[in-house]
Amino acid sequence: MAIWVTSPEPAELRPNASEDDLQLVISAVYKHVLGNHHVMESQRLSSAESLLRNGDISVRGFVRAVAKSDLYSALYYESSSAYGFMENNCQNLLGRAPQDQSEIAAHTTICLERGYDGEIDAYIDSDEYWQSFGENTAPYLRGQQTEAGYKNVSFNRTLVIAGGNASNNPGKKALLTSDIGVNAGTKIKAPKKGGIGKTGVDGRFR
């Protein structure tokens, strides 16, 4: 049985956008960056939303605010392993799975030397983020498509960490530790309860 994870049409905030357009982009950012987590009214970043509405920050600035929020930290940092945190950051902020062990190693160093905020900034300030989403497009899942300069194994790995369109992934353990560590291919397992299955476990760092 084939397993598909589809990407929505990119949500871009254009000049002179209506309130409906703005809400569409805000919803797209919450949905993708927070991994389908249902955001309650009390968890919304009303101040950052207002800044976006007034043009004081861009969509990229709003993504940064969401990724540095207490909610994101609780979902992906405090309750996850080191590898899990980085896997989620790659998916939520760049729309793909980690490429290889060298990328994980680089982000481990960033976490240790620059802390949580520095780790988040490393994704959002990267050339890859800019080339993929620019200043005013909400991040979206892109690793399930072939792109120049990226390994084909990224397709399988992205499907594994994405877990399907209706999945909700916060707090999970690292899924790709073993495969990335030995530079092995990643198999897509039959889904369980709408997910795609796990491939690895790792301890957390602090």
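Helices (H or I, at least four residues) are DSSP runs and are numbered from the N terminus. The model described here is predicted: local features need pLDDT of at least 70 and side-chain atom pairs count only at pLDDT 80 or more, while totals for chains, interfaces and linings use all residues. Residues are numbered from 1 along each chain as its sequence is written, and side-chain values use heavy atoms, with hydrogens and water left out.

Helix α1 comprises 15 residues, 19-33. The distance from its first C-alpha to its last is 21 Å, close to the 21 Å expected at 1.5 Å a residue, where the expected span is 1.5 Å times one less than the number of residues. G35, which follows α1, has a positive phi near 60°. Residues L22, V25, I26, V29, Y30, H32 and V33 of α1 are buried (under 20% relative accessible area, 1.4 Å probe, protein chains only). The buried residues of this helix pack against α2 (46-53), α3 (59-67), α4 (70-77) and α5 (82-94).

Seven aromatic pairs are found in a search of the whole structure; rings of Phe, Tyr and Trp (its six-membered ring) pair if their centres lie within 6.5 Å, and planes over 60 degrees apart count as edge-to-face. Y77 and Y116 form an edge-to-face pair, with 5.2 Å centre to centre and 65° between the planes. Because Y77 lies in helix α4 and Y116 in helix α6 (residues 101-124), this pair ties together parts 39 residues apart in sequence. Both residues, Y77 and Y116, are buried. Ring pairs also link Y77, F85 and Y116 into a cluster.

Note on methods:
Helices (H or I, at least four residues) and strands (E, at least two) are DSSP runs, numbered from the N terminus. Buried means under 20% relative accessible area, exposed over 50%, partly exposed in between (1.4 Å probe, protein chains only). Contact means heavy atoms within 4.5 Å. Rings of Phe, Tyr and Trp (its six-membered ring) pair if their centres lie within 6.5 Å; planes under 30 degrees apart count as stacked, over 60 as edge-to-face and the rest as tilted.
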